[in-house]
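Q: I'd like to learn how to read the features of a protein model, one at a time. Could you take me through this one?

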Amino acid sequence: MWELIPVGQIELWKTPHQYIAYAHTTGLGALIFPFRSLWQTRIDGEGYPRITRIEVLERKHPKKKILYFYPREGKVIREKITPRKHLTETYAAPYPLYDELSGFWAAVTHPWHKPKETLLLRIFAGEKAHMVTVRALGYERIKTFQGWRRAFRIQADLPTASELIRHSRKAVLWLSPQGWPLAGEGKIPLGHLKVFLVKVLKGAHAPPPPKALLDRLEPVPD
């Protein structure tokens with residue numbers, strides 16, 4: 001929701017080997033800002049990323065980004081693909097290292113116990129690794145799809161504009177005692193973006209959402 005107007009939907013899948021996030025605008029949001037994004041992160045046994053694939057269709061302009069993580073070499077290789085360009089860049093990066101989606105799940109699944117507790121996560125975003133501090137702010141009562149619930153509030157101030165939470169530099173989450181994100185909020189240039197959990201399905205498969213994948217996107221030489 002943006003300023004109390006429903007503008008989009010996000011679906012999350014979590015498996016032992018992969019995290020997936022599919023976001024798209026709906027209703028008024030789709031009219032003003034047509035947008036679809038499919039984020040897929042392959043992870044190792046400890047939850048760290050090995051390959052991240054981000055595909056975006058924004059105002060009918062397709063873009064694809066692939067990140068390859070090399071812990072032993074201390075580097076990240078990034079491919080950026082559009083219909084006109086295919087760029088490959090290498091960045092030095094200290095490890096252990098998350099991408100934004102695996103960092104999100106690391107924060108959500110952390111065993112939070114008390115207010116003022118902090119969690120430091122090194123996250124690759126943009127063109128470098130950033131140290132992100134996630135702070136626990138305590139318990140609050142919030143309204144959810146199941147009615148009013150007691151939830152634990154955490155907050156992350158991002159050093160760069162997030163790609164996962166489009167253009168946001170601040171993220172707030174309210175977690176259930178079981179670690180489910182019941183609600184979230186991101187501060188964006190045009191106001192506040194709010195997200196509310198509406199459904200949880202266990203054992204659900206995560207097929208590619210219709211028309212979300214941009215596998216037909218072919219690079220064109222300069």
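A: A patch is built from residues with over 30% relative accessible area and no salt bridge, where like charges are joined within 9 Å and nonpolar side chains (Val, Leu, Ile, Met, Phe, Trp, Tyr) within 5 Å. Lys and Arg count as positive, Asp and Glu as negative, while His and the chain ends are not counted. Each charge is placed at NZ of Lys, CZ of Arg, CG of Asp or CD of Glu. Areas follow the Shrake-Rupley method with a 1.4 Å probe, and for residues only the protein chains shown count as cover. A salt bridge is a side-chain nitrogen of Lys or Arg within 4 Å of a carboxyl oxygen of Asp or Glu. In this structure, a patch of positive charge on the surface brings together Lys63, Lys80, Arg84 and Lys85.

Q: What should I keep in mind about the model itself?
A: The model is predicted, so local features need pLDDT of at least 70 and side-chain atom pairs count only at pLDDT 80 or more, whereas totals for chains, interfaces and linings use all residues. Residues are numbered from 1 along each chain as its sequence is written, and side-chain values use heavy atoms, with hydrogens and water left out.

Q: How many helices and strands does the protein have?
A: Helices (H or I, at least four residues) and strands (E, at least two) are DSSP runs numbered from the N terminus. Here there are two helices and 13 strands.

Q: Is Gln18 buried or exposed?
A: Buried means under 20% relative accessible area, exposed over 50%, and partly exposed in between (1.4 Å probe, protein chains only). Gln18, in strand 2 (residues 18-25), is buried because its relative accessible area is 18%. Lys80 is partly exposed, at 35%. Across the 222 residues of the protein, 42% count as buried.

Q: Which residues is Thr133 in contact with, beyond its neighbours within four places in sequence?
A: Contact means heavy atoms within 4.5 Å. Thr133, which belongs to strand 9 (residues 128-144), touches Thr118, Leu119, Leu120, Gln155, Ala156 and Asp157 when those neighbours are set aside. Between Thr133 and Ala156 the C-alpha distance is 5.9 Å, although 23 residues separate them in sequence.

Q: Which residues are linked in a network of salt bridges?
A: The general idea is that side chains of opposite charge can pair when their charged atoms come close. The count here is six salt bridges, and Arg78, Glu89 and Glu127 are linked in a network. Another salt bridge joins Glu140 and Arg153 at 3.2 Å, N to O. Glu140 is in strand 9 and Arg153 in strand 10 (residues 147-157), so this pair ties together parts that are 13 residues apart in sequence.

Q: What about the backbone: where is the cis peptide bond?
A: The bond from Tyr95 to Pro96 is cis, with omega near 5°. Pro96 lies in the loop between strand 7 (86-92) and helix 2 (100-109). Elsewhere, Lys116 has a positive phi of about 75° although it is not a glycine. Lys116 is in the loop between helix 2 and strand 8 (118-125), and it counts as exposed because its relative accessibility is 77%.
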